[in-house]
Amino acid sequence: MSERWNPTSYERAWQERWEAAGANRTPDDDPRPKFYLLTMYPYPSGDLHIGHWYAETGPDVVARMRRMQGHNVMLPMGFDSFGLPAENAAIDRGIHPAVWTAASIERMRTQFRSMGTMFDWERELVTSEPEYYRWTQWLFVQLFKAGLAYKQMAPVDWCPKDQVVLAREQVEGADRHCWRCGTPVVKRDLEQWFFRITRYADELLDFSGIDWPEPIRLMQTNWIGRSEGAEIDFGVELAGAAPIRVFTTRPDTLFGATFMVLAPEHPAVAGLTTAEHRAEVDAYAASARRETEIERMSTERDRSGVFTGAHAVHPMNAERIPIWIADYVLPGYGTGAVMGVPAHDERDHAFAKRYDLPIRYVVVPRGGSAPEGEPFLPHTEDEVLVNSGEFDAMSAEDAIRAITARLAERGQGGPSVSYKIRDWLVSRQRYWGAPIPIVYCPDHGAQAVPEDQLPVVLPPDVDFAPTGVSPLQSHAAFLASICPVCGKPARRETDTMDTFVDSAWYFLRYCSPRDATRAWDPARVAEWLPVDLYTGGAEHAVLHLLYSRFFVKALRDLGLLTIDEPFTALRNQGQILGADHHRMSKSRGNVVNPDDLVARYGSDTVRCFLMFIGPWDQGGPWNPTGMEGISRFLARVWSVAQASGGGDGAVRQVPGMPAQSLAGEIPGSGGMPAYQVMASVQGGSQALRRMAHRTVRDVGDDYADFHFNTAVSKLMELTSALAHARDDGLAGTDAYAESVDTLLLLLAPIAPHIAEELWSRRGRPGSVHVQAWPAFDPALAAAEMIELPVQVDGKLRDRLTVAPDTSPAEVERLALASERVQAFLGGKPPARVIQVPGRLVNVVTAR
Ligand SMILES: [Zn+2]
Ligand SMILES: [Zn+2]
């Protein structure tokens with residue numbers, strides 16, 4: 001009756017049946033506890049590659065298990081369909097981005113279905129559809145009205161290849177390259193829209209109550225870059241000139257300030273520069289503008305600068321301090337001005353050496369002296385001030401407080417906190433994005449498009465080739481609008497929004513994706529949010545993951561949400577690299593197409609293989625060597641399940657049994673004994689039951705912890721034990737039937753098709769995927785002890801009582817430690833020790 005295993009004979013059929021039955025539809029208002037599991041939605045790149053399968057199988061496994069454990073699980077999927085990947089692909093192919101995007105999405109949907117995931121397609125969203133971006137625009141309007149969206153002229157990072165500005169988070173690496181194409185960015189002055197993420201800098205540093213990986217929290221913390229220090233105002237020797245403000249984390253070194261440096265772009269430079277120095281200053285500023293930030297920040301180059309001819313006044317000792325400009329001071333950091341303290345800062349030291357400016361040590365180790373010829377940088381507890389007037393001999397730590405307080409007293413500054421994070425630049429001069437819903441009236445300036453006029457539809461008939469200016473500027477009909485205040489003609493904003501705005505709120509839209517009257521239904525959002533578990537790539541640490549947190553906090557403060565954080569738990573998958581150990585890309589030709597593998601091996605084999613190749617959070621280079629082994633494993637499942645007559649059909653289940661109830665007492669599983677061992681010791685049925693219960697306990701924990709690879713090996717061991725039991729004639733027993741059912745239930749999340757097919761063939765009622773997760777008996781699951789006879793030269797001399805998974809090395813150690821064995825060895829080492837695992841130990845003496 002057992003037929004050869006052929007997954008293609010049933011996989012597609014089950015996918016269609018599940019879909020027709022609405023098996024993966026997530027109901028709202030369900031009595032079961034909710035579990036919102038989200039996995040980052042993809043760009044419609046045109047093809048699902050093996051990396052998508054890897055990223056999305058893991059959460060699918062957990063979602064399926066949670067559903068069997070009694071949760072109402074939402075696992076939605078959609079497409080992040082605006083943005084440069086679609087636009088660039090469309091340009092390459094000479095077709096419209098909308099056409100290309102629609103075709104890609106259609107293809108990817110089909111591929112997703114072939115994975116057999118439990119995505120609820122009725123909740124699908126596509127961010128480039130007007131029904132979605134209408135609400136992206138509505139959210140922009142809410143932020144604009146609240147003063148959280150504003151427009152400002154600013155020097156911005158510009159990618160010369162993509163012809164677009166980038167958010168600071170989209171500029172990567174020490175060489176400051178474009179996150180998408182790797183081209184070094186340059187600076188441009190442009191009027192741009194920003195979101196005021198900096199207002200939330202402090203709250204974004206607080207990760208309490210969320211379970212996120214340490215590296216992500218660290219990256220966000222460093223990105224926000226909070227530092228405490230002081231602001232100090234330096235008066236200027238020029239009638240009517242405003243003081244120049246600097247920020248420093250080391251106010252204790254104030255008396256060591258012997259010059260001041262402004263960024264060449266600092267607004268005060270023009271007014272300060274004396275006639276004598278103007279030509280030189282102008283030329284230097286112009287050349288600095290042509291340099292990239294990386295060139296300016298490089299530690300390799302000489303510190304150059306020019307003197308403005310002007311002097312500042314030291315706020316404490318009234319010394320005259322020359323004011324220079326230098327390109328190593330950037331306009332975007334701090335106040336764009338620094339006090340030069342060459343004795344205690346490396347860059348300032350190099351600058352002072354080059355231009356022969358005074359170097360004065362003001363902080364020294366207690367009882368010691370400053371180094372000569374180099375800056376004194378350590379900032380330890382045991383340092384004291386010198387050359388600092390009334391603050392001499394004070395500890396550096398006290399001096400920080402005392403000097404800051406004195407500055408505040410005198411109205412020359414005070415304590416201050418500085419952040420590295422800048423406001424989120426959201427304007428893009430490209431076509432394929434949500435138009436920013438603003439109009440400009442000659443009389444009333446920037447006005448939000450009234451909500452009943454949303455969406456501002458992206459017109460299809462636009463020449464979207466990148467030119468550096470927004471393509472919508474050339475569309476006369478789009479440009480023409482009306483001022484909502486006075487009704488006179490107004491001009492539309494032509495920039496589109498960064499696609500990261502689309503993804504900063506998509507998890508809210510999934511809760512009521514077809515609501516045509518509002519961005520989300522508050523009751524549904526209250527029901528589902530926050531997301532219980534979010535999975536995706538770590539590369540989004542300071543992009544999407546930071547923006548989403550900001551959005552939730554801002555929307556909370558606008559009274560639109562009641563949660564503080566979007567994602568309670570976060571897990572990052574590793575990356576599947578090409579076989580050449582490089583990132584998969586079409587240009588390298590190392591992309592693995594899952595469709596070919598699915599056609600050859602079936603979806604379940606590909607899923608199990610991907611989850612088996614290593615810890616999910618690590619990834620690694622593609623190596624399909626083990627695929628055949630996984631295929632043999634599933635064929636064996638097929639064969640052991642077919643051997644059973646079905647037993648009494650009494651599948652023991654406890655609904656809602658938590659999977660992690662025994663976390664922390666998992667014995668090593670690698671040395672799990674072969675089935676024969678247990679059979680010889682305990683009797684086949686009981687041993688099989690024990691193993692099944694132990695597998696329930698361990699696999700549940702492994703899935704919950706994203707340890708899919710070890711879960712698969714435990715399922716292999718149970719399958720192997722069943723095969724041996726069958727060979728020993730146990731196939732007709734209740735224990736065998738129960739263990740087969742258990743195997744199928746545990747396999748269902750990771751290999752959903754074969755589990756369903758065999759469940760059905762065994763005549764079990766309903767879908768395997770809605771069965772309760774199997775419970776286990778802790779006493780049965782606990783490792784039983786076995787007794788091992790110990791022989792010396794073939795004669796029984798002692799017995800050991802050990803756990804069945806005790807390693808051979810440990811068994812040998814215990815055997816040789818036996819006093820009775822020692823007596824026969826007579827103090828000499830044995831010639832060798834022979835073990836029949838799980839059965840006996842034979843110590844052979846040297847005669
Ligand atoms: Zn680029
Ligand atoms: Zn007006």
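Guide: Let's start at glycine 766, which lies in the loop between helix H25 (752-761) and helix H26 (778-781). Keep in mind that this is a predicted model.

Visitor: Is glycine 766 buried or exposed?

Guide: Glycine 766 counts as exposed, because its relative accessibility is 58% and the cut-off for exposed is over 50%.

Visitor: And what is glycine 766 in contact with, leaving aside its neighbours within four places in sequence?

Guide: Once those neighbours are set aside, glycine 766 is in contact with Trp759 and Gln771.

Visitor: How far is glycine 766 from glycine 411?

Guide: Their C-alpha atoms are separated by 77 Å, and the two glycines are 355 residues apart along the chain.

Visitor: OK, new topic. Which residues coordinate the zinc ion (ligand 1)?

Guide: Cys159 (SG), Asp162 (OD), Cys178 (SG) and Cys181 (SG) coordinate the zinc ion (ligand 1), at 2.1 to 2.3 Å. Along the chain, the donors follow the spacing C-x2-D-x15-C-x2-C. Two of these residues, cysteine 159 and cysteine 181, link distant parts of the chain, 22 residues apart. Cysteine 159 is in strand S3 (residues 149-159), while cysteine 181 is in the loop between strand S6 (177-178) and strand S7 (186-195).

Visitor: What about those two cysteines, buried or exposed?

Guide: Cysteine 159 is buried, with a relative accessible area of 0%. Cysteine 181 is partly exposed, at 26%.

Visitor: And what arrangement does the site of the zinc ion (ligand 1) have?

Guide: The site of the zinc ion (ligand 1) is tetrahedral, with angles of 101 to 116° among its 4 donor atoms. For four tetrahedral donors, the ideal angle is 109.5 degrees.

Visitor: Which residues coordinate the zinc ion (ligand 2)?

Guide: For the zinc ion (ligand 2), they are Cys441 (SG), His444 (ND1), Cys483 (SG) and Cys486 (SG), at 2.1 to 2.3 Å. The spacing of these donors along the chain is C-x2-H-x38-C-x2-C.

Visitor: Why is the arrangement around the zinc ion (ligand 2) tetrahedral?

Guide: Because the 4 donor atoms around the zinc ion (ligand 2) subtend angles of 105 to 116°, and four donors count as tetrahedral if all angles lie between 85 and 135 degrees.

Visitor: Let's switch to helices. At what angle do helix H20 and helix H24 pack?

Guide: Helix H20 (residues 627-643) and helix H24 (residues 734-747) pack at about 145°, and their axes are 9 Å apart. Their crossing is left-handed. H20 brings residues including Phe633, Leu634 and Val637 to the contact, and H24 brings residues including Tyr736, Val740 and Leu743. By class, this contact has 11 nonpolar, no polar and no charged residues.

Visitor: How do H24 and H25 pack?

Guide: H24 and H25 pack at about 145°, with axes 8 Å apart, and H24 passes H25 in a left-handed crossing. Asp741, Leu744, Leu745 and Leu747 in H24 meet Pro752, Ile754, Ala755, Leu758 and Trp759 in H25. This contact has 8 nonpolar, no polar and 1 charged residues.

Visitor: Last one: where is threonine 742 found?

Guide: Threonine 742 is in helix H24 and counts as buried, at 12% relative accessibility. Leaving aside neighbours within four places in sequence, threonine 742 is in contact with Ala692 and Val696.

Key: Residues numbered from 1 in each chain as written. Chains lettered and ligands numbered in written order. Predicted model: local features only at pLDDT ≥ 70, side-chain atom pairs only at ≥ 80, totals over all residues. Heavy atoms only, no water. Donors = N, O, S within 2.8 Å, 3.2 Å for Na, K, Ca; no water. Tetrahedral: all angles 85-135°; square planar, octahedral: opposite > 155°, others 65-115°. Helix = DSSP H or I, 4+ residues; strand = E, 2+ residues; numbered from the N terminus. Buried < 20%, exposed > 50% of the residue type's maximum accessible area, 1.4 Å probe, protein only. Axes fitted to C-alpha atoms, helices over the stretch in contact; angles between N-to-C directions. Left-handed = near helix turned anticlockwise from the far one by under 90°. Contact = heavy atoms within 4.5 Å. Nonpolar A, V, L, I, M, F, W, Y, C, P; charged D, E, K, R; others polar.
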